[in-house]
Amino acid sequence: MDEALKILIVYHSETGNTKAFAEGISGKLTAIGNAVNSVQLKTKSSVKKAPVRQDQDIDFVNLPDPHDYDVILFGGPVWAFGPSPVIVEAIRKMDKLSGKICLPFVTMAFFLETMGGNAALRYMSRILADKGAKVLPGAICKHMLHKLDNEIEKNAAKIATAISL
Ligand SMILES: Cc1cc2nc3c(=O)[nH]c(=O)nc-3n(C[C@H](O)[C@H](O)[C@H](O)COP(=O)(O)O)c2cc1C
């Protein structure tokens with residue numbers, strides 16, 4: 001990579017796993033010379049831990065403006081075999097994603113990606129593509145029967161490579 005990229009990492013995390021993944025990604029991307037800002041989403045009121053298909057109003061205190069960034073990463077936990085409704089609503093509410101390089105990432109408990117991780121990435125990728133984003137393949141960290149730190153290290157490196165190509 002010849003030039004530093006401006007990268008925004010937007011994520012939802014309730015118990016800290018996705019936050020740890022976001023920090024691992026940020027560390028890796030910063031170490032190779034990019035300018036990274038991270039935003040942990042905060043909502044105006046508490047969110048029901050419900051599947052994404054269940055309607056609920058979610059409003060944000062700190063939804064960032066993606067305008068000045070080259071690349072935007074969206075992260076959240078897997079909930080009920082799908083994506084976090086919080087990160088999905090953030091993508092839906094965010095303007096100016098058309099033409100941006102975007103990449104989804106998730107954390108999950110179970111040991112197989114088929115137990116929600118793949119579905120969550122598919123869902124997030126589809127709504128990003130619907131907004132005109134150029135979507136890169138996403139990444140999943142699992143923490144049951146896996147060491148989360150190792151998963152983060154491996155996947156942060158994978159993301160750094162994907163973005164730098
Ligand atoms: C309501 C709820 C539903 C969940 N559903 C799943 C699931 O379907 N598959 C899975 O692997 N983990 C599931 N989990 C576990 C979380 O995805 C996992 O612990 C994640 O790392 C939490 O991220 P956080 O610490 O950033 O909030 C669920 C957790 C909650 C609270």
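Guide: Seven of the nine residues of α2 are buried, so this helix is largely enclosed by the rest of the structure. Buried here means under 20% relative accessible area, exposed over 50%, and partly exposed in between, with a 1.4 Å probe and protein chains only. Helices (H or I, at least four residues) and strands (E, at least two) are DSSP runs, numbered from the N terminus. The model is a predicted one, in which local features need pLDDT of at least 70 and side-chain atom pairs count only at pLDDT 80 or more, while totals for chains, interfaces and linings use all residues. Residues are numbered from 1 along each chain as its sequence is written, and side-chain values use heavy atoms, with hydrogens and water left out.

The buried residues of α2 are Pro85, Val86, Ile87, Val88, Glu89, Ala90 and Ile91. Their cover includes β1 (6–11), β3, β4 and α3, where contact means heavy atoms within 4.5 Å. At the start of α2, a side-chain oxygen of Ser84 comes to within 3.1 Å of the backbone nitrogen of Val86. Such a polar contact is a pair of N or O atoms within 3.5 Å; within protein, one must be able to donate a hydrogen and the other to accept it, and residues adjacent in sequence count only if both atoms are side-chain atoms.

One of the elements covering α2 is α3, a helix of 14 residues (117–130). From its first C-alpha to its last, α3 reaches 20 Å, close to the 20 Å expected at 1.5 Å a residue; the expected span is 1.5 Å times one less than the number of residues. Gly117, Ala120, Leu121, Met124, Ile127 and Leu128 are buried in α3. Seen down the axis of α3, these buried residues fall within an arc of 135°, so they line one face of the helix; the arc is that of the directions from the helix axis to the C-beta atoms. An α-helix has 3.6 residues a turn, so residues three or four places apart point the same way. On the other side of α3, Arg122 and Asp130 are exposed.

The packing partners of the buried residues of α3 are α2 (85–93) itself, together with β3 (71–79), β4 (82–83), β5 (101–108), β6 (134–135) and β7 (139–142). Just after α3, Gly132 adopts a positive phi of about 90°.
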